[in-house]
Amino acid sequence: MIWSNFKAWQVARALASWGRPTFREKKLMATTFKRTIWLDEKDPTIVHIIDQRKLPHSYETMALKTADDAINAIADMAVRGAPLIGATGAYGVYLGLLEEKEEFRSLAERMKRARPTAVNLAWAVDRIAEAIGDAGSAGAAQRALGEAEAIVEEDVEICRQIGVHGLRLIEEIAARKQGPVNVLTHCNAGSLATIEWGTATSPIYHAHEKGIPIHVWVDETRPRNQGASLTAYELGAHGVPHTVIVDNAGGHLMQHGEVDLVLVGTDRTTRTGDVCNKIGTYLKALAASDCGVPFYVGAPSPSIDWSVRDGLREIPIEERSGEEVSYLEGQGASAVTRVRLTPEASPCVNPAFDVTPARLVTGLITERGICPATEEGLLSLFPENA
Ligand code: MRU
């Protein structure tokens, strides 16, 4: 009883300073998606996730029972997307505390290393550490769970607010043009990458729900194809018109006036406004700058790394296996099939993220409003980090 009150207090604290979602907003998310991570209703020692490696061909869930289950799910990208990685890391630490097998410090370090680029993972693990404080082992697990649930509830509200602010940009474009607003997005910064709304997709869902004609160009996003498999899947589920393009098509479409707005997510934004996101984002920003297309980033505050000034030099870029480049996976006649694309002898490298310098970013859409991608801009919304 005391425990459930404590949890309720944590969640209430997380929501205290926010506006309430409207009935239509709640219905939109509830009708098309479950959340991306949730505690088992009967057994609080089990956490469920959607196995995103199986989408769009099959919708399968996975049960996480140990810290290693969570670490593997993050590293192997059963879950991915900066906010969801953070939430999974938080629950993973909770599961590790229940196991009572490992010192907290080593558990936390292993969890943080599962994927190094998205700052949300380290942020979430550090938040759990702070919440635990000096609690004994039983109390520590309970506090960790309370904090993990608070992180999840906050993320829903942060992403909803990004949608409310970003909607203004889409409305402005819609007011001055005939036909649908064409948005280009890269990777999956959608509801599957967060808990519910997504960051880049939240303004899109809000616009669609408001009846603003909108169409999304979805970059396939080699090598893991999060755009082709995940963004296309979730936009389809929400009924948002979209077209999948190869990564190299974006510049051409921008040159021909087919893109009104580029909207992407972020894995780590520096205090000076550099944006680290899925590999290929930088090239989209270069093309957008050349073509005069606004380039905005859905930037939730947990993805801002206030300790970093120079994104190019200071952000660790994850190197993933070259096999993600040399092999392709897709639905065959009867099963999902993996085929080799490159000559056996050709080496492949696979940097998973790149950094878009702040000068190429038109603005950052945060949960507190939209600001220029500068230190002054960010501090005007988050003065507590001055
Ligand atoms: O490798 P991934 O799929 O985890 O990369 C995801 C992205 O790059 C997203 O754009 C980013 O995490 C923002 S998610 C709201």
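Predicted model: local features only at pLDDT ≥ 70, side-chain atom pairs only at ≥ 80, totals over all residues.
Two packed helices are described by the angle between their axes and the distance between the axes. Helix α4 spans residues 82–99, and helix α6 spans residues 119–132. Their axes come within 7 Å and cross at roughly 40°. The crossing of α4 and α6 is right-handed. On the α4 side, the contact is made by Ala 82, Pro 83, Ile 85, Gly 86, Gly 89, Ala 90, Val 93 and Leu 97. These residues meet Asn 120, Leu 121, Ala 124, Val 125, Ile 128 and Ile 132 of α6. By class, the contact of α4 with α6 holds 11 nonpolar residues, 3 polar residues and no charged ones.

The next pair is α7 and α8. Helix α8 covers residues 201–209, and its axis lies 7 Å from that of α7. The packing angle is about 65°. Angles of 65 to 115 degrees count as roughly perpendicular, so α7 and α8 are roughly perpendicular to each other. The crossing of α7 and α8 is right-handed. From α7, the contact takes in Cys 159, Arg 160, Ile 162, Gly 163, Val 164, Gly 166, Leu 167 and Ile 170. Their partners in α8 are Ser 202, Pro 203, Ile 204, His 206 and Ala 207. The contact of α7 with α8 divides into 8 nonpolar residues, 4 polar residues and 1 charged residue.

Charged side chains also pair with each other. The structure holds 26 salt bridges. One of them joins Arg 127 and Glu 147, with the closest N and O atoms 2.8 Å apart. This pair links distant parts of the chain. Arg 127 belongs to α6, while Glu 147 belongs to α7, which runs over residues 137–176. The two residues are 20 residues apart. Buried means under 20% relative accessible area. Arg 127 is buried because its relative accessible area is 16%. Glu 147 is buried too, at 6%.

A salt bridge also forms between Arg 268 and Asp 305, with an N to O distance of 2.7 Å. Again, distant parts of the chain are linked. Arg 268 sits in strand β8 (residues 268–270), and Asp 305 sits in strand β11 (residues 304–305). They are 37 residues apart. Arg 268 has a relative accessibility of 10%, so it counts as buried. Asp 305 has 9% and therefore also counts as buried.

Arg 160 lies 145 residues from Asp 305 along the chain. The C-alpha atoms of Asp 305 and Arg 160 are separated by 21 Å.

Lys 54 and Glu 60 form another salt bridge, and their closest N and O atoms are 3.4 Å apart.

The peptide bond from Leu 55 to Pro 56 is cis, with omega near 5°. Pro 56 is found in the loop between β2 (47–50) and β3 (61–64). A cis peptide bond also runs from Arg 222 to Pro 223, again with omega near 5°. Pro 223 lies in the loop between β5 (214–219) and α9 (226–238).

That loop between β5 and α9 also holds Asn 225. Phi of Asn 225 is near 60°, which is a positive value in a residue other than glycine. Asn 225 has a relative accessible area of 15%, so it is buried. Met 77 is not a glycine either, yet it has a positive phi of about 65°. Met 77 lies in the loop between α3 (67–75) and α4. With a relative accessibility of 3%, Met 77 counts as buried.

Notes
Residues numbered from 1 in each chain as written. Heavy atoms only, no water. Axes fitted to C-alpha atoms, helices over the stretch in contact; angles between N-to-C directions. Helix = DSSP H or I, 4+ residues; strand = E, 2+ residues; numbered from the N terminus. Left-handed = near helix turned anticlockwise from the far one by under 90°. Contact = heavy atoms within 4.5 Å. Nonpolar A, V, L, I, M, F, W, Y, C, P; charged D, E, K, R; others polar. Salt bridge = Lys/Arg side-chain N within 4 Å of Asp/Glu carboxyl O. Buried < 20%, exposed > 50% of the residue type's maximum accessible area, 1.4 Å probe, protein only. Parallel < 35°, antiparallel > 145°, perpendicular 65-115°, else oblique.
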